[in-house]
Amino acid sequence: MKKKNRLKRWGGTLLILTGVTFISLFTWANWNAPTITERLPTIEMSSFDLSQVQDAAAYSKVDAALKHKSGVTACSVNPDSHMATVTFHPTETSKEALLSEINHVTGTEVQYKHFDIKAGCPMKATSEFFGKLKQSLCVRN
Amino acid sequence: MKHLRKITVAGLLLVTVLATSCKKDDDEPTTTTTTPTPTLYTRLGGIEAISAVTDQFLANVANDATINGRFADAVANPYRLQLLRNNLIDQICAGSGGPCQYKGKTMLQAHTGMNITNDEFGALVGDLVAALDQFNVPTQEKTDLLAILGPMQTDVVGH
C-alpha cells in the first residue's frame with residue numbers, strides 16, 4: 001500500500017514536470033512571432049550529375065523542363081560542370097520526381113550529385129536540434 | 001483629504017490637457033510635393049523577389065565547381081540550407097532598407113578559419129550577378145545591391 005502511494009506520488013510529479021516542460025517549450029517557441037523571412041515557404045535543393053548526357057541540346061531541354069515544373073523555385077543547368085541544381089518546395093514536388101523528369105528528358109540514367117566537402121558552411125549546426133524543435137512547436141506561422 | 005485628492009487629480013488632468021494642446025503647430029510634418037525615393041528593397045520588388053533571386057543564386061552557387069564544396073553541408077541538409085537562405089534574404093532585405101533584421105554572425109565571425117580566396121569571392125559575386133541578370137534586375141538596382149554587399153569582401157576573404 002505504501003509502495004503504491006509512493007509510485008502514485010512519483011507518477012504525479014513526473015506528469016507535472018512533463019506538463020511544465022512542454023508548456024515552457026511551447027511558450028518559448030511561440031514567444032516571438034516568426035519574421036517575414038521565416039514565414040516564407042521552405043525549400044530544398046537537389047543536384048544532379050549530367051556527365052552521362054552528351055548531347056548539348058539536352059541541357060537546354062532539361063533547363064526548360066525543370067523551370068516549368070510546379071514547385072521549382074530556381075534551376076541552374078551548367079554544361080561546363082555537367083550539373084543541374086534545383087531548389088524546390090518539398091510540399092509540391094520531390095527530388096525523385098525531378099530526377100525522373102530529367103531521366104525522361106535526356107533519355108539517360110542520371111544520378112544525384114554528391115559534393116566533396118571542403119570546409120563547413122557558415123551555419124550554426126549546433127542549434128539545429130533546438131531550431132527544428134522551435135519550428136515544430138511554433139503555431140504562429 | 002478626499003477634496004485634496006480630487007483637486008490633485010483635476011490638476012494633473014489640466015496640466016496634461018494644457019501640455020498636449022500647447023504642442024507647436026510647426027511640429028507637424030510639412031506636406032511637400034516631392035515624393036520620397038523608394039528604397040532599394042521596394043525597387044527590387046520586396047521579399048518575394050529577393051527570395052526568388054536568392055534561390056537562383058543558391059542554385060548557381062551549387063552548380064559552380066569553384067565554390068560548391070564550401071556549401072556542400074548546406075546542400076545536403078535542408079535545415080541548414082533553410083538557415084543559409086534565410087540569412088541571405090535577411091542580409092539583402094535589411095541592407096536594401098527592407099523590414100528584415102539580419103540575426104546571423106558577422107561576416108568576419110562566420111568566415112574566420114575558412115581561408116576564402118579572392119577567386120572564390122569573385123565566383124560568388126559572379127553567381128549573384130548571374131541570378132540578378134536572370135530576373136532582369138535593372139543596372140541601377142544591381143549596382144546599388146552590389147555596393148551594399150561589396151564591402152563585405154574584407155571580412156570574408158583571407159581569414
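**Entry 1: words I need**

I count Ala, Val, Leu, Ile, Met, Phe, Trp, Tyr, Cys and Pro as nonpolar, Asp, Glu, Lys and Arg as charged, and the others, Gly among them, as polar. I am reading a predicted model, where local features need pLDDT of at least 70 and side-chain atom pairs count only at pLDDT 80 or more, while totals for chains, interfaces and linings use all residues. Residues are numbered from 1 along each chain as its sequence is written, chains are lettered from A in the order in which they are written, and side-chain values use heavy atoms, with hydrogens and water left out.

**Entry 2: the cavity**

The structure holds one cavity of 30 Å³ or more. I noted about 40 Å³ for the largest cavity, a volume being the space filled by probe spheres set on the points, which are joined across faces, edges and corners.

Which residues line the largest cavity? I found A:Met45, B:Leu58, B:Val61, B:Ala62, B:Phe71, B:Ala74, B:Val75, B:Leu81 and B:Leu84. By class, that lining has nine nonpolar residues, no polar and no charged. Helix α3 (46–63) of chain B gives the largest share, three residues; helices (H or I, at least four residues) and strands (E, at least two) are DSSP runs, numbered from the N terminus.

**Entry 3: the second largest pocket**

Next I turned to open space (a pocket is an open set with protein on both sides within 12 Å along at least five of seven lines). The second largest pocket has about 290 Å³ of volume. I see 15 lining residues, with A:Met45, A:Lys95, A:Lys113, B:Val75 and B:Ala76 nearest its centre. Strand β1(A) supplies four of the lining residues, the largest share. Nine of the lining residues are nonpolar, three polar and three charged.

**Entry 4: two helices of chain B**

I then checked α7 (residues 118–134) and α8 (residues 139–149) of chain B, which pack at about 155° with axes 11 Å apart. Axes are lines fitted to C-alpha atoms, for helices over the stretch in contact, and angles run from 0 to 180 degrees between N-to-C directions. The two helices are therefore roughly antiparallel (angles over 145 degrees).

Who makes the contact (heavy atoms within 4.5 Å)? From α7(B) I list B:Val125, B:Leu128, B:Val129, B:Leu132 and B:Asp133, and from α8(B) B:Lys142, B:Leu145, B:Leu146 and B:Leu149. Seven of these contact residues are nonpolar, none polar and two charged.

Conventions
On a 1 Å grid over the protein atoms alone, a cavity is a set of points where a 1.4 Å probe fits but cannot get out, and a pocket is an open set with protein on both sides within 12 Å along at least five of seven lines; lining residues have an atom within 4 Å of a point. Angles under 35 degrees count as roughly parallel, over 145 as roughly antiparallel, 65 to 115 as roughly perpendicular and the rest as oblique. Contact means heavy atoms within 4.5 Å.
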